[in-house]
Amino acid sequence: QVQLVESGGGLVQAGQSLRLSCAASGRIFSINAMGWSRQAPGKQRELVATATFGGTTNYADSVKGRFTIIRDNAKNTVYLQMNSLKAEDSGVYYCNFQGRTVMGYVEVWGQGTPVTVSS
């Protein structure tokens, strides 16, 4: 099994920054990609950013230029640096893992970490 430990959420004012982290542990053979999605109250979960362990990154249009996803391959960890936060960035942020383990290919979601941006 894969365990994801997320941290870094909290309450900030608009314009400020937060840094989320997600560390994967377990019997991991390889990681295809890790990333972050978010879900605001009453809305569907949306992809925020992904990073393949080969170096490709993708961002939602709404966060391009403000958010940066950073990989630490040695630690099986991804970070989401969020700058110039807006009220509409509020929501629960979920880490996602896609990779190969002793159980085969798996996709795992974290428990979520809340982010609240006050305007």
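The request itself comes next, followed by one connected answer. Where is S17 found, which residues is S17 in contact with beyond its sequence neighbours, and which side chain does the side chain of S17 join in a polar contact?

A: The model is predicted, so local features need pLDDT of at least 70 and side-chain atom pairs count only at pLDDT 80 or more, while totals for chains, interfaces and linings use all residues. Residues are numbered from 1 along each chain as its sequence is written, and side-chain values use heavy atoms, with hydrogens and water left out.

S17 is found in the loop between β2 (10-13) and β3 (18-26). Strands here are DSSP runs of E with at least two residues, helices are runs of H or I with at least four, and both are numbered from the N terminus. With a relative accessible area of 40%, S17 is partly exposed; buried means under 20%, exposed over 50%, and partly exposed in between, with a 1.4 Å probe and protein chains only.

Leaving aside neighbours within four places in sequence, S17 is in contact (heavy atoms within 4.5 Å) with V12, Q81, M82, N83, S84 and L85. With N83 there is also a side-chain to side-chain polar contact of 2.9 Å. A polar contact is a pair of N or O atoms within 3.5 Å; within protein, one must be able to donate a hydrogen and the other to accept it, and residues adjacent in sequence count only if both atoms are side-chain atoms.

One of the contact partners of S17 is S84, which lies in the loop between β8 and β9. S84 is partly exposed at a relative accessible area of 40%, and has a positive phi of about 50 degrees although it is not a glycine. Most residues other than glycine have a negative phi. N76, also not a glycine, has a positive phi of about 50 degrees too. Its place is in the loop between β7 (67-72) and β8 (77-82), and N76 is partly exposed at 23%.

Strand β9 (residues 91-101) holds N96. N96 counts as buried because its relative accessibility is 7%. The side chain of N96 makes a polar contact of 3.0 Å with that of Q98. Not counting residues up to four places away in sequence, N96 touches L4, A33, M34, G35, E107, V108 and W109.

For the chain as a whole, the secondary structure comes to 0 helices and 11 strands. Its radius of gyration is 14 Å, close to the 14 Å that the globule rule gives for 119 residues, so the chain is as compact as a globular protein of that length. The radius is taken over C-alpha atoms, and the rule is 2.2 Å times the number of residues to the power 0.38. The C-alpha atoms fill a box of roughly 45 × 25 × 20 Å along the principal axes. Buried residues make up 43% of the 119. Of the contacts with a separation of 6 or more, 54% are between residues 24 or more positions apart.
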